[in-house]
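Hi,

Here is the structure I promised to pass on. Have a look at it first, and my notes follow below.

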Amino acid sequence: MPVVVDIDVMMARRKMGVGELAECIGITPTNLAVLKNGRAKAVRFSTLDALCEVLECQPGDILRWEA
């Protein structure tokens, strides 16, 4: 898949674990892990918005496209 998810990079910069981030954005740790590991087929804008708010970043810091 050419879209790469870099949530783990932003989590490391914020020293935040999966459980803590999942609780802050209102999804289960399992669903966050699916998204974080690049296995998700889609992401809701509300989830992306919450991720960016909690991680204090832009969508481009979390998602990138590789050829």
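By a nonpolar core I mean a set of buried Ala, Val, Leu, Ile, Met, Phe, Trp, Tyr and Cys residues joined through side-chain atoms within 4.5 Å. Keep in mind that this is a predicted model.

With that in hand, the largest nonpolar core has 18 residues, and those touching the most other members are I7, L21, L32, L51, L55 and I62. Two or more residues each come from α1, α2 (18–25), α3 (29–36) and α4 (45–55). Of these, α4 gives the largest share, five residues.

Now for the charged side chains. The count of salt bridges comes to two. One is between D6 and R64, with 2.6 Å from N to O. D6 sits in the loop between β1 (3–5) and α1 (7–14), while R64 belongs to strand β2 (residues 63–65), so this pair ties together parts that are 58 residues apart in sequence. D6 has 15% relative accessibility and therefore counts as buried, as the cut-off for buried is under 20%. R64, at 35%, counts as partly exposed.

R64 also forms a salt bridge with E66, where the closest N and O atoms are 2.4 Å apart. E66 counts as partly exposed too, at 40% relative accessibility. Through shared partners, the salt bridges join D6, R64 and E66 into one network.

Over to you!

How values were computed:
Residues are numbered from 1 along each chain as its sequence is written. This is a predicted model: local features need pLDDT of at least 70, side-chain atom pairs count only at pLDDT 80 or more; totals for chains, interfaces and linings use all residues. Side-chain values use heavy atoms; hydrogens and water are left out. A salt bridge is a side-chain nitrogen of Lys or Arg within 4 Å of a carboxyl oxygen of Asp or Glu. Helices (H or I, at least four residues) and strands (E, at least two) are DSSP runs, numbered from the N terminus. Buried means under 20% relative accessible area, exposed over 50%, partly exposed in between (1.4 Å probe, protein chains only).
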